[in-house]
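Please look at the sequence and the structure before reading on.

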Amino acid sequence: MKVVLLVLDAQPHRHVSPEVTPVLAGLAAAGGRAPSGGRAVLTSATYPNHASFVTGTDAVGHGLYANHVVRDGRVRRAYDVGPSAPTLFDACRNAGRTAVAVLGDHHLVPVMGAGAAASHWPPDGVLPEGRRLDDYGYLHDAETIVPLCEAAAAPFDLLVSQLNGPDTAAHRHGPDSAAAVAVYTQTDGFVGELVEALRPAWDDTVLLVVSDHDQTTVSEAEPIDLQAAGRAAGTEATIVLEGDGAIVVGDDRLEGAWLRGVDGLTGTEELAPGLRFVAAEPGRWFAPAGTEVELKGVHGGLATRTQVAVVAGGHPAVPGLAFGLARRVPQAPDWAVTIAELLDLDLPTATGRSLLT
């Protein structure tokens, strides 16, 4: 069996259709698709959900609850910290199986613990020189698809991959803009190239296609300065901003009561002791006062939790997976647990549920 996990970063579930993404829609029709999509962990951001895809835990379990986290009293980038739970790459190494990673966002190498894979690209998570980059400095999908197809044609047990194009387009133009939709179609063409590379071993292949989060269009309203509100209330907690979501970390002696006086919030949730999630109203986002709005799309909150969830391939396990997708909404940690069951791997700290159960 060959298992391929392909993450289409920020690809909206609502824009998977024969008109916009004919390859992905065809895979879903031949295999299976969650009718209402999957569900991201909070915050609904790139690094928390990619870590969940390989650890089988929620953000509290692997520790990367946003693209930035608090460690040793200071805010650090998630890719400088890495997950605190074992990953599929560790499990494959321990079981003598070959795991490979090809990732368009080079920071995902440390975020997903892909250094433990038999091979990973880009090497050491460093951007290769002379490659085409997108508007935000990540590898263009046209660059990533080349080593991805090479990896697909080589021997492996698990191939974990990511294409970044939809996320950059949705941030820059808005997730429902014509410009973003055109990029969704372009990325779908690269998915077709991957399928063709897998075609010789299709009968032995399970292809899982997901997205890590959705995006919502930014309104013209002023951003919510949650950090200023916290200072005014006298909270001693650290506040980490994540698009239309935020995390209140540490000693909040007011126990979140101060949030009731902040305009523009749609809800809060305690993820764990000392870790409180805060969501902005649709169209609003968190940023210091006076921040110039350059992004047309954001994610991180409740409105952007929907994920693409598609299964395809010719392996006999595919119909059972399709049945699982039809029965319940898959959570982000479920994919790692499903892969572990398919490949008979041990993920001792995983909390997700296999789609085969």
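Which residue stands opposite Leu 275 in E14? Ala 272 does.

The model is predicted, so local features need pLDDT of at least 70 and side-chain atom pairs count only at pLDDT 80 or more, while totals for chains, interfaces and linings use all residues. Residues are numbered from 1 along each chain as its sequence is written, and side-chain values use heavy atoms, with hydrogens and water left out.

Helices (H or I, at least four residues) and strands (E, at least two) are DSSP runs, numbered from the N terminus. Two strands pair if DSSP finds at least two bridges between them. Strands of a sheet pair through backbone hydrogen bonds, either parallel or antiparallel.

Angles run from 0 to 180 degrees between N-to-C directions, with axes being lines fitted to C-alpha atoms, for helices over the stretch in contact.

| Strand pair | Bridges joining them |
|---|---|
| E11 and E12 | 5 bridges |
| E12 and E14 | 5 bridges |
| E13 and E14 | 6 bridges |

Thr 238 stands opposite Val 249 in E12. Contact here means heavy atoms within 4.5 Å.

Val 248 has Arg 276 as its bridge partner in E14. Buried means under 20% relative accessible area, exposed over 50%, and partly exposed in between (1.4 Å probe, protein chains only). Leu 275, Phe 277 and Ala 279 point one way from E14, whereas Arg 276, Val 278 and Ala 280 point the other way. E13 and E14 form a hairpin with 2 residues between them, and Gly 274 in the turn has a positive phi of about 80°.

**The seven-stranded sheet**

A second open sheet has 7 strands, ordered E2-E17-E9-E1-E8-E6-E7, with mixed pairing. Strand E2 (32-33) and strand E7 (119-121) are its edge strands, and each pairs on one side only. E2 runs antiparallel to strand E17 (residues 309-312), and 2 bridges join them. Within that pair, Gly 32 has Val 311 in E17 as its bridge partner.

Helix H7 lies across strand E1 (2-8), strand E6 (99-103), E7 and strand E8 (158-163), running at about 170° to E8. Thr 144 is found in H7, which spans residues 141-153. Why does Thr 144 count as buried? Its relative accessibility is 0%. Leaving aside neighbours within four places in sequence, Thr 144 is in contact with residues including Val 102, Leu 103, Trp 121 and Leu 163.

H8 is largely enclosed by the rest of the structure, because 7 of its 9 residues are buried. Those buried residues include Gly 165, Asp 167 and His 171. Among the elements that cover them are H7, E8, helix H9 (178-198) and strand E15 (297-298). H8 is followed by Gly 174, whose phi is positive, near 100°.

H2 is mostly covered, with 10 of its 10 residues buried. Among them are Tyr 47, Asn 49, His 50 and Phe 53. Gly 56 follows H2 and has a positive phi near 75°.

**The largest pocket**

Rolling a probe the size of a water molecule over the atoms shows where empty space is left. A pocket is an open set of points on a 1 Å grid over the protein atoms alone, where a 1.4 Å probe fits, with protein on both sides within 12 Å along at least five of seven lines; lining residues have an atom within 4 Å of a point. A volume is the space filled by probe spheres set on the points.

The largest pocket holds about 660 Å³ of space. Of the 25 residues that line it, the closest to its centre are Asn 67, Tyr 138, His 171, Glu 242 and Leu 295. Helix H2 (46-55), helix H8 (165-173) and strand E11 (238-242) each supply at least two residues of the lining. H8 gives the most, with 3 residues.
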